[in-house]
Each structure stands twice: as structure tokens, then as C-alpha cells.
Amino acid sequence: MGERRRVLLIMADKFTKQERSLIMSKVRAADTTPEIKVRKLLHGMGYRFRLHRRDLPGKPDIVLPKYKTVIFVNGCFWHGCPVCRHAKIRPKENADYWNRKLDRNMRRDQENYMALKEKGWRVLIVWECETKKKNIPRLGDRLKNELSPEAVSFE
Ligand SMILES: [Zn+2]
């Protein structure tokens with residue numbers, strides 16, 4: 001049974017219709033974060049992984065020990081996506097504050113990636129915009145390539 005249906009059944013006689021729709025909107029939001037979409041995609045392709053290993057620099061979102069690879073699923077705005085438009089739109093109000101904050105995020109990201117590479121990990125970045133529904137097949141292809149034996153042994 002899907003999570004959505006299970007939640008609906010549990011709520012059936014306990015809440016008003018309005019309360020139910022509010023709760024469901026939260027379930028949906030939690031269920032469709034970019035990170036969860038990437039996990040589902042990888043899982044569907046047969047990869048096994050661990051989550052948020054605290055002992056690794058930057059606490060990577062997804063860790064694939066067998067491939068000695070970590071994956072960060074990055075929000076385009078917060079981490080400065082090089083691809084999509086969102087990243088280029090920095091707030092004009094309090095521009096100094098935002099520039100400092102976002103630059104600091106990106107610098108910290110780079111430090112974490114470097115530290116991971118020094119420990120022998122491969123680092124893959126998946127951008128939020130790659131997890132849009134229409135982009136999922138392409139992302140699947142990319143991850144499959146990145147995790148192929150040739151790619152893994154090359155580095
Ligand atoms: Zn993006």
C-alpha cells in the first residue's frame with residue numbers, strides 16, 4: 001500500500017476534510033524532496049546505499065560503499081547550480097548578506113568534496129533541477145554511467 005493511501009486510511013474518521021487535506025499536502029511535500037527522488041531512482045536501478053554518514057566530511061546524502069562513491073543532492077539556489085536559472089537569481093534585497101552566505105556555502109561544499117576525495121571517495125553532485133520529473137530518465141542514465149565499472153575504476 002502506498003504511503004499516501006495508508007495515511008488517508010489512518011486519518012479517515014479522525015479529522016475534518018480540511019485537516020485531512022492540510023496533512024496530505026505535508027505528506028506529499030515530504031515525499032517528493034529531490035533527495036528522496038534520487039534514492040528511489042537508485043533503488044529502482046538496484047543500487048544499495050546508506051544515508052547521511054556522519055563520519056564523512058559534509059555528511060553526504062547518499063553513500064554507495066561498493067562504488068566508493070558519495071552523492072550530494074544539492075538545492076540549486078543554496079549550492080549555486082551551474083546549470084539552471086535558479087542559481088543565477090540571487091536576491092537583490094540585502095545583496096551583500098546573500099552573496100556572502102551563498103559564497104560561503106559553495107566554499108564549504110568545495111572543502112568537503114576535496115576532503116572526501118583525499119579519503120579516496122568519488123563525489124557525485126545531483127542538482128535539484130535534475131530531479132524534475134521530466135529530467136529523471138536522463139539523470140538515471142547519468143548515474144548509471146557514473147557508477148559503471150569503467151567509470152569507477154578510472155578514478
Ligand atoms: Zn539547477
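The structure is a predicted model, in which local features need pLDDT of at least 70 and side-chain atom pairs count only at pLDDT 80 or more, while totals for chains, interfaces and linings use all residues. Residues are numbered from 1 along each chain as its sequence is written.

The secondary structure of the protein chain comes to eight helices and four strands, where helices (H or I, at least four residues) and strands (E, at least two) are DSSP runs, numbered from the N terminus. Along the sequence, these elements follow the pattern α-α-α-β-β-β-α-α-α-β-α-α. Of the 155 residues of the chain, 17% count as buried; a residue is called buried if 20 or more other C-beta atoms lie within 10 Å of its own, exposed if 12 or fewer, and partly exposed in between, with C-beta atoms placed from the backbone. Among the contacts with a separation of 6 or more, 52% are made by residues 24 or more positions apart, two residues being in contact if their C-beta atoms, placed from the backbone, lie within 7 Å.

The four strands form an open sheet with the order 1-2-3-4 and mixed pairing, two strands being paired if DSSP finds at least two bridges between them. Strand 1 (50-51) and strand 4 (122-127) stand at the edges with a single partner strand each, so one side of each is left without a neighbour in the sheet. Strand 1 runs antiparallel to strand 2 (residues 62-64) and is joined to it by two bridges, and the bridge partner of Leu51 in strand 2 is Ile62. Strand 3 and strand 4, by contrast, run parallel and are joined by six bridges, with Val73 standing opposite Val126 in strand 4.

Strand 3 is mostly covered, since six of its six residues are buried. In a regular strand the side chains alternate between the two faces of the sheet. Both faces of strand 3 are covered, with Thr69, Ile71 and Val73 buried on one side and Val70, Phe72 and Asn74 buried on the other. Thr69, which belongs to strand 3 (residues 69-74), is buried, with 23 other C-beta atoms within 10 Å. Leu64 stands opposite Thr69, and when residues up to four places away in sequence are not counted, Thr69 touches Leu64, Trp121, Arg122, Leu124 and Leu147. The C-alpha atoms of Thr69 and Val152 are separated by 8.4 Å, although these residues are 83 residues apart along the chain.

The largest nonpolar core has 16 residues, and those with the most contacts inside it are Val38, Ile62, Val70, Ile71, Val73 and Val126; such a core is a set of buried Ala, Val, Leu, Ile, Met, Phe, Trp, Tyr and Cys residues joined through C-beta atoms within 7 Å. Helix 3, strand 2, strand 3 and strand 4 are the elements that give two or more residues to this core, and strand 3 gives the most, with four residues. Ile71 touches Val38, Pro60, Asp61, Ile62, Leu124 and Val126, again not counting residues up to four places away in sequence.

In helix 3 (residues 34-44), the buried residues are Glu35, Lys37, Val38 and Leu42. Seen down the axis of helix 3, these buried residues fall within an arc of 160°, so they line one face of the helix; the arc is that of the directions from the helix axis to the C-beta atoms. The elements covering these buried residues include strand 2, strand 3, strand 4 and helix 7 (136-146), whereas the face turned away from the buried side carries the exposed residues His43 and Gly44. Helix 3 is followed by Gly46, whose phi is positive, near 95°.

Helix 6 (residues 95-118) presents a contrasting case: of its 24 residues the number buried is zero, so this helix lies largely in the open. At 1.5 Å a residue, helix 6 should span 34 Å, and its end C-alpha atoms are 34 Å apart, which agrees, the expected span being 1.5 Å times one less than the number of residues. Just after helix 6, Gly120 takes a positive phi of about 90°.
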